[in-house]
Amino acid sequence: MSEPSQFRHYQIVQDADGNNVELVRNSEQVAVLAFDLERMEYVHCHVLLEPLANRAAFEEACKGLQKRGHPALARMIEYGEDEGNPFYITSNVDGETLRPYLARQNDIPGWLAIMIACRALETAVAVCERGEYLAESPLDSLRVVQTAPQTVQVLAADFRVIDSSGGKKRALKTGFEKQAKFLRTFLVDQGGTLPDHTLVAADFAELLNACLSNAGVGVIAAMRELRAGLKKLAPEQLSGEIPTAQKPRALLAPLLASYQEVARGLVNLVRIQSQRLDMANPYSMRGTLTKTGRSVLIEQVPPARISHARVKDVDGAAYKITKQRDNPSLITLALVNESDDITCLAEEVAEGISLAEVMRERRYLDVQEAYLVLAGLDTALTQLDNSTLPVSKLRLEDIFLLTGFAREDSRSTKLLVSKLNEWPAFNLIVRAHPTLAAMSGRGTDPAVLLPPARGSSTTVWHGGWLAALCKFLLGLETPLGVNAEPEGGARERETVARLLDDEIAKVAESKPALRSDFLARYARIIQHYDLVKPSEPARVAAVEPEVVNLGVKPRARTIPVTKTGVKRELSAPLGSESVRSPIALTSGGATGGDEPTIGFAELLFRNGGEPSPPEAPDWARAAASAPPTLPAHLVVREDVPIWLKAAVFLSGSMVLGAMCAHLSGSALWQKKHAPEPVDAVAPLKASATPPKATVVEPSVPKAIPVAPPPPVVTAPVDNDDQRGRGVSLTLPPGTGGLREQLAPPTNPPTPTRP
């Protein structure tokens, strides 16, 4: 068997017989499967057979695809001319093209045909938005990939980089509308959406090819209208799986060893639990280590004839580095074993929620939630830089949020429908070793939005890469199969979008910003809008019923991440106590309710990183002075009513005055009054012998001396008027007035005092 040939840093992949794996061969080009030794991923090398008639147009087309990437399009990595043969390199799409896929089908379920048509139209729109780059034969340039048990995606793997039509517009609106009507009528009349209703695959392929062949820049609106109409025909909720006969084949699967051979090589080391394919990661099996009992994912390391020996070396280095305690943010490799010419690795299962799952469930995050992810990811990327592992690709599927709960736990499901700043605590870990799913091009790579850098930088995880990731988090760009329509905070999102575009533009100028500088500017935007943001009780009240319907029990009190203690938990190591024993989601939560808290924006501003350089624009100030981009009736007014200001001022004045009076000792509640004597009425009898009078003196507490009251001067009272009246005790003791009042009208004997 001959040795694999190599073009620049791309090694041509060979099959078991030693032949190059060809993907396309026609009169225009030959495309082969290759392996990129620098990025460690599979690529498609397209070599054009005819010399360039217009080199400027060729370079302009390739540059346009490089600058405006999309998740549904293969990434344009490189282009040029070698010994008179023009070529361009695109990333791999791990699936078969639509024409052979539909050709080997006799019948196809109606709902699957509608899904394929909708996905193909979405990809065609994405290509046409970037120019007249849709290939002449769309069914040979679009590849179908299964991403879930009942979901497929259609991706563009080839482009029309040479205009063979002489610059004439080949897409006419009337022609497309005619073919679109035929396709819609066929799907409605023949198929239906029930599982037992099928279509003739050959007729469907012919109508779909005719519709896509008339697609172009001038009919983008008509394509979107057709897609919206077809989407209404398909059921919203799908269950079950795609039938085995209709499952699309993976491109790399025939080149690898079978699952039985992989399991046979690890029979004494790992107990295989399941060989069932997970279409999001179809090259992995789940198992348990025999010695430790830990759950792992087993995967084959591709042999040298279809990749390179460097992949095995990188896996060995990751096996040593990830076991060190200095790298808790990197997923640990538990085993790298070679047996019977088959090398396998075992990766510890990350018991957390991947960022791809969060985006599928939430569709988009708030600006504050996105900052939490970016700030936590900065720590993991710092450890990845320090590890010196040659990893240049991180997908949304390679980033995990650890909460301390198992993935199958119901509490993890409840977390998916709640905001990140309401989670008890979480850590971010990343996958630092290449996997077959990443090398084959599956998943969502944020770097697809980045233009190629002209020069080499110290790290690929710069501020531009964080900006590209943030576009997916905010819903400005959506992963495949996710439709996001963000609501609220339009001005804040527009300001952040300008910042992200500026950071991505710096990558094209070979001046990518540092992660700390980007996070500092991002934090200033949040602080600017957080300080003037009013409370929204009506919006919160409207959201609570929706949370209850989704099965989340509302908590009476939650611990936000704005607390200093919770922020410390975010940066805690993986094995720390804060991750192992988080607070229950359904509990009231907090025992430290009296702990001091700070505002969310203040926390971000304090920990935003280094100050921005002088040449960096102040996005918050620029956004405040920018003209509004929303209609006047949608702009939220943030004026505080004057009556509320007056009420707060008066209440504050009263409280302040009460405190001053209390401190000076002149407050009303501090004055002590002498107890008033009680009036006693004793009826006088008409008998001659008066009763003995007893002088009642009011008791005064000894601890509080009371000054004697001033003498009371009483007017002379007629004795005749006092007969029949009660005795008054209001006179002070010792003045003699009481004895005179009790004296009879005659001269009785004077009573002795006891």
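Two strands count as paired if DSSP finds at least two bridges between them. The views below are taken from a predicted model.

**View 1. Strand 4 and its antiparallel partner, strand 3.** Strand 3 (residues 22-25) pairs with strand 4 in the antiparallel sense, over three bridges. Val24 stands opposite Ala31 of strand 4. The link between strand 3 and strand 4 is a hairpin of three residues.

**View 2. Strand 4 with strands 2 and 5.** Strand 2 (residues 10-12) runs antiparallel to strand 4 and is joined to strand 4 by three bridges. Tyr10 has Asp36 of strand 4 as its bridge partner. Strand 5 (residues 41-48) is also antiparallel to strand 4, with eight bridges between the two. Here the bridge partner of Ala31 is His46 in strand 5. Four residues separate strand 4 from strand 5 in a hairpin, and Met40 in the turn has a positive phi of about 55°.

**View 3. The two faces of strand 4.** In a regular strand the side chains alternate between the two faces of the sheet. On one side of strand 4 lie Gln29, Ala31, Leu33 and Phe35, on the other Val30, Val32, Ala34 and Asp36, and all are buried. Strand 4 (residues 29-36) is largely enclosed by the rest of the structure, because eight of its eight residues are buried. The cut-off for buried is under 20% relative accessible area; Phe35 is at 1% and therefore falls in that class.

View 4. Seven aromatic pairs are found in a search of the whole structure. In the pair of Phe7 and Phe87, the ring centres are 5.2 Å apart and the planes stand at 85°, so the arrangement is edge-to-face. Phe7 belongs to strand 1 (residues 6-7) and Phe87 to strand 7 (residues 85-91), so this pair ties together parts that are 80 residues apart in sequence. Phe7 is partly exposed at 23% relative accessibility, whereas Phe87 is buried at 3%. The rings of Phe35 and Tyr42 also form an edge-to-face pair, because their planes are at 70° with the centres 5.1 Å apart. Tyr42 is buried, with 1% relative accessibility.

**View 5. The aromatic cluster at Tyr371.** Tyr371, Phe518 and Tyr522 make up one aromatic cluster.

**View 6. The surroundings of Tyr101.** Tyr101 sits in helix 2 (residues 98-103) and is buried, its relative accessible area being 0%. Neighbours within four places in sequence aside, Tyr101 is in contact with Glu96, Leu112, Ile116, Val144, Gln246, Lys247 and Pro248. From Tyr101 to Ala205 the C-alpha to C-alpha distance is 9.7 Å, for a sequence separation of 104 residues.

View 7. Strand 19 (residues 399-402) is joined to strand 20 by four bridges, and Ile399 has Val430 of strand 20 as its bridge partner.

**View 8. A nonpolar surface patch at Val648.** Val640, Ile642, Trp643, Leu644 and Val648 together form a nonpolar patch on the surface, with about 550 Å² of accessible area. Val648 lies in helix 22 (residues 642-664) and is exposed, at a relative accessible area of 54%.

Methods
Residues are numbered from 1 along each chain as its sequence is written. Side-chain values use heavy atoms; hydrogens and water are left out. Patches are made of residues with over 30% relative accessible area and no salt bridge: like charges are joined within 9 Å, nonpolar side chains (Val, Leu, Ile, Met, Phe, Trp, Tyr) within 5 Å. Accessible areas come from the Shrake-Rupley method with a 1.4 Å probe; for residues, only the protein chains shown count as cover. A salt bridge is a side-chain nitrogen of Lys or Arg within 4 Å of a carboxyl oxygen of Asp or Glu. Buried means under 20% relative accessible area, exposed over 50%, partly exposed in between (1.4 Å probe, protein chains only). Rings of Phe, Tyr and Trp (its six-membered ring) pair if their centres lie within 6.5 Å; planes under 30 degrees apart count as stacked, over 60 as edge-to-face and the rest as tilted. Contact means heavy atoms within 4.5 Å.
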